[in-house]
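Here's a structure to walk through together.

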Amino acid sequence: MSDGLSEVEDMGPVDYLILEFPGNRMTGEGFPLLLDLVERRIIRILDLQFIRKDKDGSVTALELTDLGDEVDVTVFEGASSGLLDQSDVDDAGSALEPGNSAGVIVYENLWAAPLARALRGSGAQIVANGRIPVQALLASLDAADAAGSG
């Protein structure tokens, strides 16, 4: 088994997020929280790419220096595993409204790595996964409250 494959088999699940910033306005409020997750080894940032969708619909990848002085993200400089390519940038851009920007984050769930290793070692495999949007959770809780009080 090659070292690269062995390393991948030791990894936790890998997820991605596309975080949209209306009007290209990044305040940086969430960056200290993201950094805290990294420092506590809950996640490992594999890729971090910023993009902008212009009013005409064109999508542009941004360099950290393009973000200006409002947000200091230099701590994430070099976070590039090569997993993201231009087609991923284009796909992420399709989720954005024109005139907005986004951060695309690919991260490993380090907290789950020991469990994932143990499960893979026993022959188990993930056959499906997904996310439940917060809006769906809130709607479900509201429906349950309405049913319970009715």
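How much accessible surface does the chain have, and what share of it belongs to carbon and sulfur atoms? The total comes to about 10100 Å², with 54% of that belonging to carbon and sulfur; areas here come from the Shrake-Rupley method with a 1.4 Å probe, and for residues only the protein chains shown count as cover.

Before going further, some ground rules. This is a predicted model, so local features need pLDDT of at least 70 and side-chain atom pairs count only at pLDDT 80 or more, while totals for chains, interfaces and linings use all residues. Residues are numbered from 1 along each chain as its sequence is written, and side-chain values use heavy atoms, with hydrogens and water left out.

Now the fold. The chain has five helices and four strands, and along the sequence they run α-β-α-β-β-α-β-α-α. Helices (H or I, at least four residues) and strands (E, at least two) are DSSP runs, numbered from the N terminus. Of the contacts (heavy atoms within 4.5 Å) with a separation of 6 or more, 82% come from residues 24 or more positions apart. Buried residues make up 27% of the 150 in the chain, where buried means under 20% relative accessible area, exposed over 50%, and partly exposed in between (1.4 Å probe, protein chains only).

On to the charged side chains. Searching the whole structure turns up four salt bridges, each a side-chain nitrogen of Lys or Arg within 4 Å of a carboxyl oxygen of Asp or Glu. One of them pairs Asp15 with Arg131 at 2.6 Å, N to O. That pair ties together distant parts of the chain: Asp15 sits in strand E1 (residues 14–21) and Arg131 in the loop between helix H4 (113–121) and helix H5 (134–148), 116 residues apart. Asp15 counts as buried because its relative accessibility is 17%, whereas Arg131, at 58%, is exposed.

Another salt bridge joins Arg40 and Asp36, with the closest N and O atoms 2.9 Å apart; Asp36 is partly exposed at 30% relative accessibility. Arg52 and Asp54 also meet in a salt bridge, at 3.1 Å from N to O. Both partners here are partly exposed: Arg52 has a relative accessible area of 28%, and Asp54 has 26%.

Arg41 has a positive phi of about 60°, although it isn't a glycine. You'll find Arg41 in the loop between helix H2 (31–39) and strand E2 (43–53), and its 59% relative accessibility makes it exposed.
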